[in-house]
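This report describes a predicted model.

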Amino acid sequence: MLEFYQQLAKTLKNSAAVLATVTNTKGSTPREVGAKMFVDADGKTVGTIGGGAGEAKVYQQALQLLKIGKKQFVEIDLSGVLQRETQGVCGGTMQVLLELWSGSQSLNLVNKIIDKLTSGYSATIITPFNTDEKPYLIPETNVIASLHNTGLIETLVPPPRLLIIGGGHIAIYLAQIAKIAGFQVIVQDDRPDFATKARFPDASLVLAEPIDSIQEILNKNTNLYVALVTRGYLQDLAALRLLSNYQLPYIGMIGSKKRVNTVYKTLQAEGCSTEFFNQIYAPIGLDIGALTPEEIAVSICAELIKVRRGGTGNFLSRE
């Protein structure tokens, strides 16, 4: 969401844009309440509300709204009912709000949202349905996205951070894929030739420093995911000694079962608890039969998404 608003801010500096937000859903739909896209004056889109014919209808309406400027709703029927102009067969319906964002007032609001998210704070925004009212920020709440009286209330959360420890081949592809999946990426490796911005252009921070350099990051980030893709078990040990002092949503460690067991036995002898070992995903990644560094990176990112979204790892079903 942070990158979305950064793109919107860049657009608003030069022209107007129509913001499309899913405000209500019934049944099975491709996106959730709060999903967004925007269309700029040149017809370029950023984000998605689900794709297909439904999004195409919203796109055409957005082009018209760029001219008239009046806030409006678009109803998307995904039920596949033959009597209607079928827009999809997912089984449900979606309501999408279109509103024109332009000028300094809109840009200032977007910049406030960006400032909060980049500082690690949430931003709660009210989008009134009334034609004459503009969106505005309110003090932070715990609501993610819901209807509130005559508008939509959303708490926009900062993106989770992924700390990749180790700058080898797998790390290169993991950084790329994780960035696409919505993570802010940090890479640490004590080898200056491996921890470089040239190798990791998608990372927000690259640390060519000893493992102790991650201490400050650990102290500041509660929503921090950690992937250990190091060159050996000695590096795993050094990292896990630090990580054992923190409650983190995800710690994954690469390596064979023998390597993992060797690390666990050493740490256990040093006093690490069984509870800490139970937090670690090892060997790292979902079992998809991955062999190459690229495939392994995909399996790791799939596991990150599973943990973040509370997935099961079973086949996807939208029934």
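Helices and strands are here taken as DSSP runs, a helix being H or I over at least four residues and a strand being E over at least two, and they are numbered from the N terminus. On that basis, residues 162-304 of this predicted model are 42% helix and 16% strand, and the end C-alpha atoms of the span lie 9 Å apart. UniProt, in an unreviewed entry, lists these residues as "domain: XdhC Rossmann". The values for the two spans are set out below.

| Span | Helix | Strand | Distance between end C-alpha atoms |
|---|---|---|---|
| Residues 162-304 | 42% helix | 16% strand | 9 Å |

An open sheet of six strands runs in the order β12-β11-β10-β13-β14-β15, with parallel pairing. Its edges are formed by β12 (205-207) and β15 (280-281), each of which has a single partner strand, so one side of each is left without a neighbour in the sheet. Within this order, β13 (residues 224-228) and β14 (residues 250-253) are paired in the parallel sense over four bridges, and Leu228 has Met253 in β14 as its bridge partner.

Antiparallel pairing is found between β6 (residues 123-128) and β9, which are joined over six bridges; here Thr127 has Leu152 of β9 as its bridge partner. Six of the six residues of β9 are buried, so this strand is largely enclosed by the rest of the structure. The burial extends to both faces, with Gly151, Ile153 and Thr155 on one side and Leu152, Glu154 and Leu156 on the other.

Strand β9 (151-156) is also one of the elements that supply at least two residues each to the lining of the largest pocket, among them α3 (103-118), α4 (169-180), β11 (184-188) and α9 (293-309). The largest share of this lining, four residues, comes from α1. The pocket has a volume of about 1,700 Å³ and is lined by 50 residues, of which Met1, Val157, Pro159, Gly182 and Arg308 lie nearest its centre. By class, the lining comprises 23 nonpolar, 15 polar and 12 charged residues.

Notes: Residues numbered from 1 in each chain as written. Predicted model: local features only at pLDDT ≥ 70, side-chain atom pairs only at ≥ 80, totals over all residues. Heavy atoms only, no water. 1 Å grid on protein atoms, 1.4 Å probe; cavity = no way out; pocket = protein on both sides within 12 Å on 5 of 7 lines; lining within 4 Å. Points joined across faces, edges and corners; volume = space filled by probe spheres on them. Nonpolar A, V, L, I, M, F, W, Y, C, P; charged D, E, K, R; others polar. Buried < 20%, exposed > 50% of the residue type's maximum accessible area, 1.4 Å probe, protein only. Pairing = 2+ DSSP bridges. UniProt positions renumbered as here; feature names shortened; annotations may be inferred.
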